[in-house]
Amino acid sequence: KPGEQKHAKEPSSSQCMHLAVVACGDRLEETLIMLKSAVLFSNRRLCFHIFAEDSLKPEFEKKLKEWPSSSTKKFEYNIYPITFSVGNAQEWKKLFKPCAAQRLFLPVILKDVDSLLYVDTDVLFLRPIDDIWHILKEFNSTQLAAMAPEHEIPKIGWYSRFARHPYYGTTGVNSGVMLMNLTRIRNTQFKNSMIPSGLTWEEMLYPLYQKYKNYITWGDQDLLNIIFYFNPECLYVFPCQWNYRPDHCMYGSNCKGAEEEGVSILHGNRGVYHDDKQPTFKALYEVIRDFPFEDNLFQSLYYPLQSKFLDTVHTLCGRIPQVFLKQIEKTMKKVYENRVIVYLGANHRY
C-alpha cells in the first residue's frame, strides 16, 4: 500500500517512543530495571536516551548487550555524557541529587527529537509506554509538557506548607515523570519574573536558578515549578496513577485514579526499593529485576508478585494489592489475546 511504503522510508527515530533518563552514582541497576520494565510493557519501538557519568557508559553497554535478542530488537539506545549548556556545570551537577539537573537541558541537547518522556531512575512501568505517549495528542495548542501533582491533598502537601518560591497550582508538580514536546519548548518565549519580555527555555534556566537558588529545596523540580507558575497554560496535568509514589498510600490511599484504573507508572522515591519501609514497592522492583526476559509473564512475574504481596499486608500500601496489579493484569490479558489471535490466524491460513 502507498501509505505503508511511505512509512517504511521514514527514519527509525520518527517511529520511536523516546525515553530519557539521567543516571549518576550508584543508579546503574535501578536504571536498567526501569528500562527493562519499559521493554516488557511496550508495543511500539523505543529509543532510549541515557545520560550517564563516563564511568557508567561501559557498564550500561555491557549489561544491555547481555539482554536476549528478542528484547534488544525492540529498542535502540544512545548514551550521552553529562553536559550543561549554560551557567556553571559544577553548580548544576550538585543541584539536589547528582546530575538530576541534566533533565532541564534535554530540549537543548536533543535538538532532533520532537517529543520525549523523561523519567527518574526509580520509575517502573506497569503498562505500555504507548498509553502515556498517547497523552501527547491530548495537549492543546499551548501545552508543551505534562506532569502529575506533587500531592493530592493541599493541606498535607510539601509545597503548600513549606515552599519559599512560586510553584504550580495548589500542590506543585512532581518532575519524576515528565512528558515533553521538545519542539514546542524550543519555540516558546516563556514569561518569567526577571524581565518583562519572554525568554527562551535555554536563556531562562541559569538566571532563574541564580534568582531562586537560596529558596529551592528540590533542585530542578523547584525550577520547573517556578517556570510553570509563570506559564500555567503550558502545562498539562496528568492524574496520579501516572506517577504513583509512596505518598499515595503510606498514610492511606489518596490516589483515586489508581484505585479505579490501577497504577500505570510506579515511582519508588524515598529509596523504597532498597529498604524495608515500603515492602510493596520493593516487591515490585525485585520481581521485575528477577524476571527472566523470555519467561511467561503470569508464571514468572504476576504469580511471584501475588506471593510477595501477602507479606506486605501489615502496611497501608500492602492492603491495596489490586491497585498495583490491575494494569499488569490488563497487559498480560492483551499479550495473551494477541498471541491466541496470531496463533489462530496462522492456523486458519493452512
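**Entry 1: the model**

I began by noting that this is a predicted model, and I kept that in mind for each entry below.

**Entry 2: disulfides**

How many disulfides does the count come to? I found that the count comes to three disulfides, taking a disulfide as a pair of cysteine sulfur atoms within 2.5 Å.

I looked up Cys16 and Cys47, whose sulfur atoms lie 2.0 Å apart in a disulfide. Cys16 sits in the loop between helix H1 (2–9) and strand S1 (17–23), while Cys47 belongs to strand S2 (residues 46–52), so this pair ties together parts that are 31 residues apart in sequence. I also noted the torsion about the S-S bond of Cys16 and Cys47, which is 60° and makes the link right-handed. Is Cys16 buried or exposed? With a relative accessibility of 2%, Cys16 counts as buried, and Cys47, with a relative accessible area of 4%, is buried as well.

Next I turned to Cys240 and Cys255, which are joined by a disulfide with an S to S distance of 2.1 Å. Both cysteines lie in the loop between strand S8 (235–237) and helix H12 (256–261), so the pair ties together parts that are 15 residues apart in sequence. Because the torsion about the S-S bond of Cys240 and Cys255 is about 100°, I recorded this disulfide as right-handed. I found Cys240 buried and Cys255 buried too.

The remaining pair I looked up was Cys249 and Cys317, with an S to S distance of 2.0 Å. This pair links distant parts of the chain, 68 residues apart, since Cys249 is in the loop between S8 and H12 and Cys317 is in the loop between helix H14 (297–309) and helix H15 (321–349). The torsion about the S-S bond of Cys249 and Cys317 is 90°, and the link is right-handed. Cys249 has 0% relative accessibility and therefore counts as buried, and for Cys317 I noted 0% relative accessibility, so it counts as buried as well.

I checked one further cysteine, Cys234, and its relative accessibility of 4% means that it counts as buried.

**Entry 3: the sheet**

In which order do the strands of the open sheet stand? I read the order of the seven strands as S3-S2-S1-S4-S7-S6-S8, and the pairing in this open sheet is mixed. Strand S3 (75–80) and S8 stand at the edges and have a single partner strand each, so one side of each is left without a neighbour in the sheet. On average, with direction ignored, neighbouring strands of this sheet are turned by 25° against each other.

I then followed strand S6 (residues 145–149), where five of the five residues are buried, so this strand is largely enclosed by the rest of the structure. S6 runs antiparallel to strand S7 (residues 173–181), and four bridges join the two; here I found Ala148 opposite Asn174 in S7. S6 also pairs with S8, in the parallel sense and over three bridges, with Ala146 opposite Tyr236 in S8.

What is the sense of the pairing between strand S4 and S7? Strand S4 (residues 115–119) and S7 pair in the antiparallel sense, over five bridges, and I noted Met180 in S7 as the bridge partner of Leu116. Helix H11 (residues 220–230) packs on the sheet, where it touches S6, S7 and S8, and its direction makes about 65° with that of S7.

I looked up helix H13 (residues 279–290), whose twelve residues reach 16 Å from the first C-alpha to the last, close to the 16 Å expected at 1.5 Å a residue. H13 is mostly covered, with ten of its twelve residues buried, and among these I listed Pro279, Phe281, Lys282, Leu284, Tyr285 and Glu286.

At what angle do helix H2 and H13 pack? Helix H2 (residues 28–40) and H13 pack at an angle of about 75°, and their axes are 9 Å apart. Since angles of 65 to 115 degrees count as roughly perpendicular, I recorded H2 as roughly perpendicular to H13. Where the two helices meet, I found Glu29, Glu30, Ile33, Lys36, Ser37 and Leu40 on the H2 side, and Tyr285, Ile288, Arg289 and Asp290 on the H13 side.

Note on methods
Residues are numbered from 1 along each chain as its sequence is written. This is a predicted model: local features need pLDDT of at least 70, side-chain atom pairs count only at pLDDT 80 or more; totals for chains, interfaces and linings use all residues. Side-chain values use heavy atoms; hydrogens and water are left out. Buried means under 20% relative accessible area, exposed over 50%, partly exposed in between (1.4 Å probe, protein chains only). Two strands pair if DSSP finds at least two bridges between them. Axes are lines fitted to C-alpha atoms, for helices over the stretch in contact, and angles run from 0 to 180 degrees between N-to-C directions. Contact means heavy atoms within 4.5 Å. The expected span of a helix is 1.5 Å times one less than its number of residues. Angles under 35 degrees count as roughly parallel, over 145 as roughly antiparallel, 65 to 115 as roughly perpendicular and the rest as oblique.
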